[in-house]
Amino acid sequence: MVDSKIPILAQKHVSTILLFIFENGTVHKTDIVSVVHSNNSVDKLIEELKNEGFISVKKEFAGRNTYYISLTDKGISVTKNLKQAQAAAEGKQNEEDRETSEGIIHVDGEEINVRLEPEERKNSKYLKILIHSNVLDDHISVEEAIPGRPTRIFNIYIRQNGHGYFRLWCEEDKSFDCWHVKEAWTYPAVQKMMMEYKYKTKVCPYCKTVNDLDADYCKHCGAKLE
Ligand SMILES: [Zn+2]
Ligand SMILES: [Zn+2]
């Protein structure tokens with residue numbers, strides 16, 4: 001099933017599809033169907049990935065229609081992120097990519113520490129992370145259902161830290177770097193949400209107030225915004 005309320009990168013099968021194309025270059029649509037084992041969602045996902053500019057689809061007719069699918073530059077960059085995030089989440093040693101083994105990911109040029117303690121890594125599979133993206137209130141809901149402990153449901157919001165950078169902030173731990181936040185960062189859709197948030201606001205360089213993108217003056221201190 002394709003749920004249009006969920007960002008395309010967070011949809012089921014999408015990371016599998018992107019990684020498959022990444023490993024194989026140009027692929028046939030039928031190859032993707034055989035990897036995903038779900039014919040009806042593949043059409044819809046391919047359509048959405050194409051509309052979002054992550055893949056290009058070339059149709060050729062040779063007796064019957066054949067669809068050749070490859071990643072665009074945008075698709076390649078998002079898939080590299082995805083690989084990094086997956087490896088970081090699994091704590092994998094990756095010789096090609098030292099930074100991954102050190103539990104650091106890069107989001108829009110900024111370094112984010114996503115290293116989990118062994119105990120946290122073990123529990124991370126009991127976290128359910130759901131992204132709610134809308135114009136006014138981007139946030140992430142987290143369901144923590146660790147066996148033997150009461151289930152907790154809470155939100156992660158985007159907040160500015162003490163240095164004025166946008167970061168994820170966990171309301172449960174009142175923290176910018178608890179393990180919920182670290183785990184959430186590894187989701188490409190979360191990274192995308194943060195980037196979109198960054199580019200739809202203007203931060204006052206003097207008082208760090210967040211203003212709308214079209215503001216000319218800071219609503220708090222009145223400084224002229226670039
Ligand atoms: Zn937390
Ligand atoms: Zn200001």
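This is a predicted model: local features need pLDDT of at least 70, side-chain atom pairs count only at pLDDT 80 or more; totals for chains, interfaces and linings use all residues.
Local features need pLDDT of at least 70, side-chain atom pairs count only at pLDDT 80 or more, and totals for chains, interfaces and linings use all residues. Residues are numbered from 1 along each chain as its sequence is written, chains are lettered from A and ligands numbered from 1 in the order written, and side-chain values use heavy atoms, without hydrogens and water.

**View 1. Helix H1 (residues 14–24) against H2.** Helices (H or I, at least four residues) and strands (E, at least two) are DSSP runs numbered from the N terminus. The axes of H1 and H2 come within 10 Å and cross at roughly 130°. Axes are lines fitted to C-alpha atoms, for helices over the stretch in contact, with angles from 0 to 180 degrees between N-to-C directions. H1 and H2 are therefore oblique to each other (under 35 degrees is roughly parallel, over 145 roughly antiparallel, 65 to 115 roughly perpendicular, the rest oblique). Thr16, Ile17, Phe20 and Ile21 of H1 meet Asp31, Ile32, Val35 and Val36 of H2; contact means heavy atoms within 4.5 Å.

**View 2. Helix H2 (residues 29–36) against helix H3 (residues 39–51).** The two axes come within 9 Å and cross at roughly 125°. H2 and H3 are therefore oblique to each other. On the H2 side, the contact uses Lys29, Ile32, Val33 and Val36. H3 supplies Asn39, Val42, Asp43 and Ile46.

**View 3. The zinc ion (ligand 1) and its donors.** Cys170 (SG), Asp173 (OD), Cys178 (SG) and His180 (ND1) coordinate the zinc ion at 2.0 to 2.3 Å. Donors are N, O and S atoms within 2.8 Å of the metal (3.2 Å for Na, K and Ca); water is not among the atoms, so sites may look incomplete. Angles among the four donor atoms run from 94 to 115°, and the site is tetrahedral (four donors, all angles between 85 and 135 degrees). Along the chain, the donor spacing is C-x2-D-x4-C-x1-H.

**View 4. The zinc ion (ligand 2) and its cysteine donors.** Cys204 (SG), Cys207 (SG), Cys218 (SG) and Cys221 (SG) lie 2.3 Å from the zinc ion. This site is tetrahedral, with angles of 102 to 119° among its four donor atoms. The donor residues are spaced C-x2-C-x10-C-x2-C in sequence. Cys207 sits in the loop between strand E10 (201–203) and strand E11 (210–212), and Cys218 in the segment after E11, so the pair ties together parts eleven residues apart in sequence.

Conventions
Four donors count as tetrahedral if all angles lie between 85 and 135 degrees; four count as square planar and six as octahedral if opposite donors are over 155 degrees apart and all others between 65 and 115; anything else is irregular.
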